[in-house]
Amino acid sequence: MKRVLLLAALCIAQAIGASAQNQPAAMSQGQMDRLDRNRNGAVDQSEYESFMSSAFASLDKNKDGSLRTEEVGQILNAQQFAATDANRDGRLTLSEFLNRVMADFKAADRSGDGNLQ
Ligand SMILES: [Ca+2]
Ligand SMILES: [Ca+2]
Ligand SMILES: [Ca+2]
């Protein structure tokens, strides 16, 4: 399986508790396996989206349905946060978050077949 380097997936997988001390640069096999729920060797859009939805819930520590800078400060810098915060209200909603990560998914899916492998 080819290693996929997806900024958001990598950072979030680490943030929500995969072993933090290793794999600084690429998504590890273990992280890929967590995304690849049906074990077909590829991560499709729905697998990615469901992983990211649960990541959002994990990151939303105060359970108010949005992410503020203090909740994602370790994984997004100010510029990335601003790029994700489409309406510039200082919080990321689930839909803003998913818009961003699914854009990452499409950018990473060079073959355009809807799967990362
Ligand atoms: Ca799969
Ligand atoms: Ca929150
Ligand atoms: Ca917002």
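**Exercise 1. Find which residues UniProt lists for "domain: EF-hand", and describe the chain there.**

Solution. The unreviewed UniProt entry lists residues 47-82 for "domain: EF-hand"; such positions follow the numbering used here, feature names are shortened, and annotations may be inferred rather than shown by experiment. The model is predicted, so that local features need pLDDT of at least 70 and side-chain atom pairs count only at pLDDT 80 or more, while totals for chains, interfaces and linings use all residues. Residues are numbered from 1 along each chain as its sequence is written, and chains are lettered from A and ligands numbered from 1 in the order in which they are written. Over residues 47-82 the chain is 61% helix and 6% strand, with the end C-alpha atoms 26 Å apart; helices (H or I, at least four residues) and strands (E, at least two) are DSSP runs, numbered from the N terminus.

**Exercise 2. Check the span of helix α3 (residues 45-59).**

Solution. The expected span of a helix is 1.5 Å times one less than its number of residues. For the 15 residues of α3 this gives 21 Å, which agrees with end C-alpha atoms that are 21 Å apart.

**Exercise 3. Decide which residues of α3 are buried, and how they are arranged around its axis.**

Solution. A residue is buried if 20 or more other C-beta atoms lie within 10 Å of its own, exposed if 12 or fewer, and partly exposed in between, with C-beta atoms placed from the backbone. In α3, Tyr-48, Phe-51, Met-52, Ala-55 and Phe-56 are buried. Seen down the axis, these buried residues fall within an arc of 145° (taken from the directions from the helix axis to the C-beta atoms), so they line one face of α3. The face turned away from the buried side carries the exposed residues Ser-46 and Ser-50.
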